Amino acid sequence: MTVLEQLKEKGKLVAMHDSSDRAYSPRCHPDTRKSLRTRISQWGVGDGSGERMFWVLGAAAVGKSAVAQTIAEDFDERDRLGASFFFSRPNQVDDPDWVIPTLAYQLATNHSQYKRIITERLADDPSILDKNRRTQLKKLIIEPFHILMTEHPDTVRDSLLIILDGLDECKDKHAQCEFVDLISTHVRQVDEFPLRWLICSRPEWHLQTRLANPHFCVVCERQELNIDDTEAQQDAQRLLDAGFENILEEYGDRLPAIWPPEDDVRRIAAVASGHLGFASFILRFIGDDQYSDPDNQLGISMKFLGRGGAVGAVNPLHALDLLYRQILSGVPADVLSITMRILGLFLFYGYPRFVFDHERLSADAEAKFFDVDKATFRRSLQHLHSVIHVPPVEKSDTAPLRVYHASFSDFLSDPNRSGKFYLNRQAVEYDVALRSLDWLEKDVCLMPSFLA
C-alpha cells in the first residue's frame, strides 16, 4: 500500500476544499468580505516569521466558510495552499482523527520532497497513523518540514497555508481545543516555519477561553465577522444586487419590466441587516429552478417578511429563522410528515452507513428505509432545494442528500427557533426504531448500521 493510500484510508478526502462533496459550498461574491480576504491573503503569503496563525470567528451563516472556501481556491491557484479540512456536522465530516491524515495526504500530493520523507517514516513505523493527534502532527507534519528547512531549503522558500474550517463542528470539544493548543504552542515555540494556519469557527465558550489567554494573542491574528457593521451592511446589499441581476439574466423573459421592486429589495436588505447567510439563502429561494418563477417566489418572501420580519429582534439569527420557517411552510401538508421524518434522520443519525458496503445512505435507500415511493420522496423534498442538495434522479441510487449549512440543523433542533417545525429527538428515535423493527421482521439483508 502506497503512502497516499495509507493516508487516504485514515483520512477523509471529502473534507478537502475541492472535493466533489463541496461543489455546492458557499463562496464569497467578488465584492463581499473584501477587506477580510485581502487581510488574510496578505498575511498568508508572508514569510515564515511573525504571527503564523489567523482565527476568523463569527455566528452561524455569517460567511466564515465562504471566506475559507474562497481563500482556499485562491491560494490553490497560486500554488500556496498546503492543505485544507472543512468540518461539516450535518454531513458527518466531524471526526478529529481524520484531520492530520487528510492534511498530510494533501501536503504529500503537493510537495514531492515532503512525500519522500513521510513515505520513509511510515515505512519504518506504520503505527504512526494509529497514534494520538499530538504525535501524528509532530511526526507527519512538523518534523518533516523541519527536515525540509534544513536539507532542502529551496523547496520551502514560500509559505504554505493550511485551513481548518468549521472547527466548532468537530464532534469532540476537547479535540477542538487540542488542535488550537497544538498549533498555537508550535507557533509560539518556533520562530520561523513555512506553514501558516487559518482557523474559522463560531465563538464557542470553550474556544473563547483560548482566545482570552494573553500568550495566545501574541501568536494569533483574529477577526470577528459581525453583521451590524457598515461593511457587512454594504456586503449584504452588494450580494442582493448581484443575485437579483443573475436571476434577471436567467428569467428576464418572464419577469415584469421593472423587477425586482426597489421597495422589496430595501425590505430584504433591512431584514438581512448585514447577515450574508440570510441574503444568500433568500436569493437561492427566489431563484430556485425547481419553480422557475422568481416573481412569485419574491412575492411569497415579501408576504412572509411583512408578517414577521421585524428588524432588531433579540435572536441574532432571527432573519435566517424567518427564511427557514418560510421554506418549510411551503411544503405541502400531505407530505410534510414525510419531510420531517427525512430531516429527523439527517439531524440525529447523520448519514447512516450500511454494514456491508460502508457507503453513505443514498437518497433512494433512504426512501426505501421509510417505505416511501421515489416520487413521493422527491415531492416531499421539492420545496427544500434552497437548504439541502437533492441529487438528480440519475444519481439518487448512489448519491446522498446534503445539508448546505449547519445553521439549518441547529434551527430544527431548537424549539424556540423552529416552533411547529421543531424536531424532538425522542420522537425521531422512536420513529426510526419502529422502522428498524420493520426491517428486522422483513429479514432484509441491507441493514442500517445504527442497528448493529
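Tutor: Buried means under 20% relative accessible area, exposed over 50%, and partly exposed in between, with a 1.4 Å probe and protein chains only. Helices (H or I, at least four residues) and strands (E, at least two) are DSSP runs, numbered from the N terminus. This is a predicted model, in which local features need pLDDT of at least 70, side-chain atom pairs count only at pLDDT 80 or more, and totals for chains, interfaces and linings use all residues. Residues are numbered from 1 along each chain as its sequence is written, and side-chain values use heavy atoms, with hydrogens and water left out.

Student: How many residues of strand 3 are buried?

Tutor: Strand 3 is mostly covered, with 6 of its 6 residues buried. Leu-160, Ile-162 and Leu-164 point one way, while Leu-161, Ile-163 and Asp-165 point the other way.

Student: What is the order of the strands in the open sheet?

Tutor: Strands of a sheet pair through backbone hydrogen bonds, either parallel or antiparallel. Two strands count as paired if DSSP finds at least two bridges between them. Here 5 strands form an open sheet in the order 2-3-4-1-5, with parallel pairing. Strand 2 (81-86) and strand 5 (220-225) are the edge strands, each pairing on one side only.

Student: Which residues stand opposite each other around strand 3?

Tutor: Strand 2 and strand 3 (residues 160-165) are joined by 5 bridges; Ala-83 stands opposite Ile-162, and Phe-85 opposite Leu-164. Strand 3 also pairs with strand 4 in the parallel sense, over 6 bridges, and the partner of Leu-161 in strand 4 is Arg-196.

Student: How do helix 4 and helix 5 cross?

Tutor: Two packed helices are described by the angle between their axes and the distance between the axes. Axes are lines fitted to C-alpha atoms, for helices over the stretch in contact, and angles run from 0 to 180 degrees between N-to-C directions. The axes of helix 4 (residues 99-110) and helix 5 (residues 112-124) come within 6 Å and cross at roughly 125°. That makes helix 4 oblique to helix 5; angles under 35 degrees count as roughly parallel, over 145 as roughly antiparallel, 65 to 115 as roughly perpendicular and the rest as oblique.

Student: Which residues meet there?

Tutor: Contact means heavy atoms within 4.5 Å. Ala-104, Leu-107, Ala-108 and Asn-110 of helix 4 meet Ser-112, Tyr-114, Lys-115 and Ile-118 of helix 5.
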